[in-house]
Amino acid sequence: MVTIRRFPELLMQRPSRTIPSLSIPGCIASSLFLAGCITTTPVAPAPAASASMPSIAESHSPGALPPGFVPVMRQGRYTLVELTPDPGQRDLMLQIVDVRVPSTFDATVADAIHYVLLRSGYRLCESSEIAPLYALPLPAAHIHLGPQFLREALLTLAGPAWELSIDDASRTVCFSQHVEPTAPTLTVATTSTVTRVPSLARAGAQQPRFDLHRPWGALP
C-alpha cells in the first residue's frame, strides 16, 4: 500500500534520456569516411607557351595594330572610349564649326571667312581675282553658321558662283570663280543639189496644145 505522501514524488520523477556519446577515435573515423566519398578532379596545368607561336605584341610592329583591333579605354563602369582620333582631327576640313560672326554694319564676306578660319589651321589666300568676293557685304543669314563642317561653312559664305580650292601642303584656302561648262556647238555641213529642169518655153519654140477632153495627149 502506497502512502499519499509518496505519490507526488512519483509524479515528479521523469524518465532519464540516454545521450549517446561519441569517442574521439570514432569522430576521426567518420570524418575520414566522409572525406573518402568526395572525389575531386585534378586540374590540368596550362600548357606553356610554345617558342614557335609568337605573341600578339611580337607579331606586330610597335606602331601598328592588328587588323580589326580597336583600342579602348574604360571610363566609369559602363563606358568604353575608343583610343582613335576623330574624323575632324584626321581631315581638318571635317572639323565641326559653330560660330557667330560679330554683327557690324560694315562686315564683309572676307571678314566672315577670316573669322571662320580663326584657329582652324587654315589661312585665306590673297588674290586680285577674288577681290570682288571679299568686298561683298555679309548677308544677315550668314552671321550664325553651324554646327556644320568647315568645308560647308566656307562654301556657304562664298555662294554657288565660287569654287573652293584647298592646298593641304600650305593649308591655304582659296576661291575661284565658277565657270559654267558650255555645250559644244555642232556644225553640220549640208550640200545642196540643184536639179535643172529643162524649160519648155524656149525662145522661138512653139508651146504644145492640149485637148481638154484628152489631157494626156498633146494635139499635133
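Trainee: What should I know before reading the numbers?
Mentor: This is a predicted model, in which local features need pLDDT of at least 70 and side-chain atom pairs count only at pLDDT 80 or more, while totals for chains, interfaces and linings use all residues. Residues are numbered from 1 along each chain as its sequence is written, and side-chain values use heavy atoms, with hydrogens and water left out.

Trainee: How many disulfides does a search of the whole structure find?
Mentor: The search finds 1 disulfide, a disulfide being a pair of cysteine sulfur atoms within 2.5 Å. It joins Cys125 to Cys174, with an S to S distance of 2.2 Å.

Trainee: Where do Cys125 and Cys174 lie?
Mentor: Cys125 lies in the loop between S4 and H6 and Cys174 in strand S7, so the pair ties together parts that are 49 residues apart in sequence. Helices (H or I, at least four residues) and strands (E, at least two) are DSSP runs, numbered from the N terminus.

Trainee: Why is the disulfide right-handed?
Mentor: The disulfide is right-handed because the torsion about the S-S bond of Cys125 and Cys174 is about 75°.

Trainee: Is Cys125 buried or exposed?
Mentor: Cys125 is buried, with a relative accessible area of 10%, whereas Cys174 is partly exposed at 21%. Buried means under 20% relative accessible area, exposed over 50%, and partly exposed in between (1.4 Å probe, protein chains only).

Trainee: Changing topic, which residues touch the most other members of the largest nonpolar core?
Mentor: Ile113, Leu154 and Phe175 do, in a core of 28 residues. Two or more residues come from each of strand S3 (96-100), H5, helix H6 (131-134), helix H7 (150-158) and S7. A nonpolar core is a set of buried Ala, Val, Leu, Ile, Met, Phe, Trp, Tyr and Cys residues joined through side-chain atoms within 4.5 Å.

Trainee: And what is Leu154 in contact with?
Mentor: Leaving aside neighbours within four places in sequence, Leu154 is in contact (heavy atoms within 4.5 Å) with Met93, Ile113, Val116, Leu117, Leu164, Val173 and Phe175.

Trainee: Which residue has a positive phi although it is not a glycine?
Mentor: Arg119 has a positive phi of about 60°, and Arg171 also has a positive value, near 55°. Arg119 is exposed, with a relative accessible area of 83%, and Arg171 is partly exposed, at 41%.

Trainee: Last one: which peptide bond is cis?
Mentor: The bond from Gly146 to Pro147 is cis, with omega near 0°. Pro147 is found in strand S5, residues 144-149.
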